[in-house]
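Open the model in your viewer and keep the selection tool handy. We will start with the whole chain and then stop at a few places worth a click.

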Amino acid sequence: MAAFLVLAVPQAMAAVDPMVEAATIERIKPVGEVNVGAVPVAAAAPAAAADGKSTYQGTCSACHATGAAGSPKFGDKGAWKNRIAQGMDKLFDHAIHGFKGMPAKGGNGGLSDDAVKAAVKYMVKNSK
């Protein structure tokens with residue numbers, strides 16, 4: 001055992017070949033690196049106008065097309081009459097924040113308030 005230590009210590013203290021060291025560093029370096037400098041920010045795209053029909057088709061129709069969970073069906077004048085009588089502000093509030101069985105924004109938290117309002121306007125227009 002002592003012979004091993006005597007032989008191993010001089011090898012461990014020996015100078016490392018710079019090419020081997022560079023190759024080892026290159027091989028084990030991280031895939032990404034942290035950049036703490038200024039990060040360029042891309043200009044935000046202008047917000048598209050809210051399209052009530054596409055919002056309805058993409059989110060609201062999941063319930064309002066069939067009347068699921070007691071929701072008023074799209075185009076059902078009788079089901080919408082009393083709701084419309086409450087005023088648009090009340091309908092907007094219920095659609096944005098949720099009401100009874102309806103989750104806020106129809107369960108699509110990615111929708112803007114304006115997109116939800118546009119969908120409500122679309123449904124009301126087609127249910128009068």
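**The whole chain**

Colour by secondary structure first: the protein has 6 helices and 0 strands, where helices (H or I, at least four residues) and strands (E, at least two) are DSSP runs numbered from the N terminus. From the N terminus on, the elements read α-α-α-α-α-α. This is a predicted model, in which local features need pLDDT of at least 70 and side-chain atom pairs count only at pLDDT 80 or more, while totals for chains, interfaces and linings use all residues. Residues are numbered from 1 along each chain as its sequence is written, and side-chain values use heavy atoms, leaving out hydrogens and water.

Of the 128 residues, 20% are buried (under 20% relative accessible area; exposed is over 50%, partly exposed in between; 1.4 Å probe, protein chains only).

**The aromatic stop**

Next, select Tyr56, Phe74 and Tyr122, which form one aromatic cluster. The whole structure holds 3 aromatic pairs (rings of Phe, Tyr and Trp, the last by its six-membered ring, with centres within 6.5 Å; planes under 30 degrees apart are stacked, over 60 edge-to-face, the rest tilted). The ring centres of Tyr56 and Tyr122 are 5.8 Å apart and their planes stand at 45 degrees, so this pair is tilted. It links distant parts of the chain, 66 residues apart: Tyr56 sits in helix H3 (residues 52–64) and Tyr122 in helix H6 (residues 113–125). Is Tyr56 buried or exposed? At 8% relative accessibility, Tyr56 is buried.

**Where H5 meets H6**

Now show helix H5 (residues 88–97) with H6: their axes come within 9 Å and cross at roughly 125 degrees (lines fitted to C-alpha atoms over the stretch in contact, with angles from 0 to 180 degrees between N-to-C directions). H5 is therefore oblique to H6 (under 35 degrees is roughly parallel, over 145 roughly antiparallel, 65 to 115 roughly perpendicular, the rest oblique). For side chains, pick Met88, Leu91, Phe92, Ala95 and Ile96 in H5, which meet Asp113, Val116, Lys117, Val120, Lys121 and Val124 in H6 (contact means heavy atoms within 4.5 Å).

**Two loop residues**

Most residues other than glycine have a negative phi. Ala69, however, has a positive phi of about 55 degrees; find Ala69 in the loop between H3 and helix H4 (77–85). Ala69 is exposed, at 70% relative accessible area. Finish at Lys100, in the loop between H5 and H6, where phi is also positive, about 50 degrees.
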